[in-house]
Amino acid sequence: MNGQAPQHHAARVEAAIASGQAARSALVASWRRSSRLHHLDPSGRGLPKRLTEAELRTARERIAPLLAAAQGAMDRLYQAVGAAGCCVLLADGEGVPVDRRGTPADDATFQSWGLWTGALWSEEHEGTNGIGTCVVEQRPLTIDRDQHFFTRNTLLSCTAVPIYDHEAAFAGVLDVSSCRADRTDAFSSLIALAAGEAAKRIEADMFRRAFAHARIVLTPAADGQCGGLVAVDADDLVIGATRSARMGLGIGLGIGLGIAPGRPLRPVPAADLLGGDVAHDHLAGGQRAVLQRALLRAGGNVSAAAKALGVSRATLHRKLKRFELNH
């Protein structure tokens with residue numbers, strides 16, 4: 001990078017912000033946040049700030065379920081991209097890498113760039129970058145070289161994918177970063193695909209761990225691929241759903257049968273949500289699950305549930321008491 005490059009990059013960033021392109025470009029909008037909201041200077045030379053060891057331990061403890069679920073997927077992703085000079089980082093919801101994979105021969109280089117555990121990669125501290133901008137926008141993205149806000153980061157190429165927990169809340173970022181000049185667009189596309197698949201595996205593992213005693217059901221997507229996962233309990237009630245499942249089934253935006261992401265899902269009869277023949281829901285055998293579903297469908301109204309089941313209100317009350325069901 002020659003002596004004019006830092007000034008040239010900073011001038012280009014400021015010109016793009018001043019031109020009003022932020023309304024049309026997500027990248028320029030991020031540059032604008034970095035400059036106007038966080039008061040950063042694109043020509044700034046300081047290295048990324050770091051947490052103390054104690055602060056890093058605390059950060060890791062806060063996301064222990066994510067860390068545990070991510071180990072296998074991070075290993076596999078690193079096996080796929082590590083030989084090409086990339087490192088793999090897992091960051092928390094604040095943009096702090098809490099775990100990483102990298103070739104020992106490249107460790108000194110990545111550490112000098114701040115691509116290390118405990119570094120602060122939020123937009124507030126580092127401006128536009130893969131991890132920090134993914135935290136803000138919560139979508140898969142690549143910040144390539146001079147798309148970074150700081151001139152000192154313009155040798156980096158960073159692909160980041162958001163990760164959502166078992167309640168569809170934003171949990172962290174999976175990032176693949178490289179400082180090699182020979183990274184091609186085609187290779188970047190492959191990295192984005194691999195990182196996206198790894199993030200899905202992490203989300204699935206977190207979900208299965210959170211609902212270890214439930215039956216896990218795959219939900220189809222429009223393109224025939226796996227759309228997400230739902231957890232079904234012993235009473236055939238859906239008690240959990242991944243973010244992709246909530247979106248696919250229309251239950252993730254606080255409307256219909258669901259509630260806002262980041263909160264437990266209100267139990268829903270599986271047959272109502274996933275389809276299937278529910279014509280045999282009757283009281284023959286006094287099945288607890290049937291009572292539970294009938295009450296849910298009736299919104300807790302015992303009279304309406306009794307009518308739907310074809311029994312008297314008194315009979316239903318006796319059944320509810322027998323199975324210790326609250327209403």
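These numbered points describe a sheet, a helix and several salt bridges in a predicted model.

1. The sheet. Five strands, in the order β2-β1-β5-β4-β3, make up an open sheet with antiparallel pairing. The edges are taken by β2 (97-101) and β3 (141-144); each has a single partner strand, so one side of each lacks a neighbour in the sheet. On average, and ignoring direction, neighbouring strands are turned by 20 degrees against each other.

2. Strands β1 and β2. Strand β1 (residues 86-92) pairs with β2 over 4 bridges in the antiparallel sense. L90 has D99 in β2 as its bridge partner. Helix α3 (residues 53-62) packs on the sheet and touches both β1 and β2, its direction making about 85 degrees with that of β2.

3. The structure holds 15 salt bridges. In one of them, the side chains of R101 and D75 meet at 2.6 Å, N to O. R101 belongs to strand β2 and D75 to helix α4 (residues 64-81), so the pair ties together parts 26 residues apart in sequence. R101 is buried, with a relative accessible area of 14%, whereas D75 is partly exposed at 33%.

4. R293. This residue lies in helix α11 and is buried, with a relative accessible area of 7%. The side chain of R293 reaches the backbone oxygen of D235 at 3.3 Å and also meets the side chain of D236 in a salt bridge (3.7 Å, N to O). D236 counts as partly exposed, at 31% relative accessibility.

5. Other salt bridges. D144 forms a salt bridge with R145, with 3.3 Å between the closest N and O atoms. R145 is partly exposed, its relative accessible area being 22%. A network of salt bridges links R33, E123, E137 and R139.

6. Helix α12. Which residues of helix α12 (residues 302-309) are buried? They are V302, A305, A306 and L309. These residues cover an arc of only 100 degrees around the axis, which puts them on the same side of α12. An α-helix has 3.6 residues a turn, so residues three or four places apart point the same way. What covers the buried residues of α12 includes α11 (288-297) and α13 (313-322). The exposed residues K307 and A308 are on the face turned away from the buried side.

7. The ends of α12. Just after α12, G310 takes a positive phi of about 75 degrees.

Definitions and conventions
Residues numbered from 1 in each chain as written. Predicted model: local features only at pLDDT ≥ 70, side-chain atom pairs only at ≥ 80, totals over all residues. Heavy atoms only, no water. Buried < 20%, exposed > 50% of the residue type's maximum accessible area, 1.4 Å probe, protein only. Helix = DSSP H or I, 4+ residues; strand = E, 2+ residues; numbered from the N terminus. Arc of directions from axis to C-beta. Contact = heavy atoms within 4.5 Å. Pairing = 2+ DSSP bridges. Axes fitted to C-alpha atoms, helices over the stretch in contact; angles between N-to-C directions. Polar contact = N/O pair within 3.5 Å; in protein donor to acceptor, adjacent residues only side chain to side chain. Salt bridge = Lys/Arg side-chain N within 4 Å of Asp/Glu carboxyl O.
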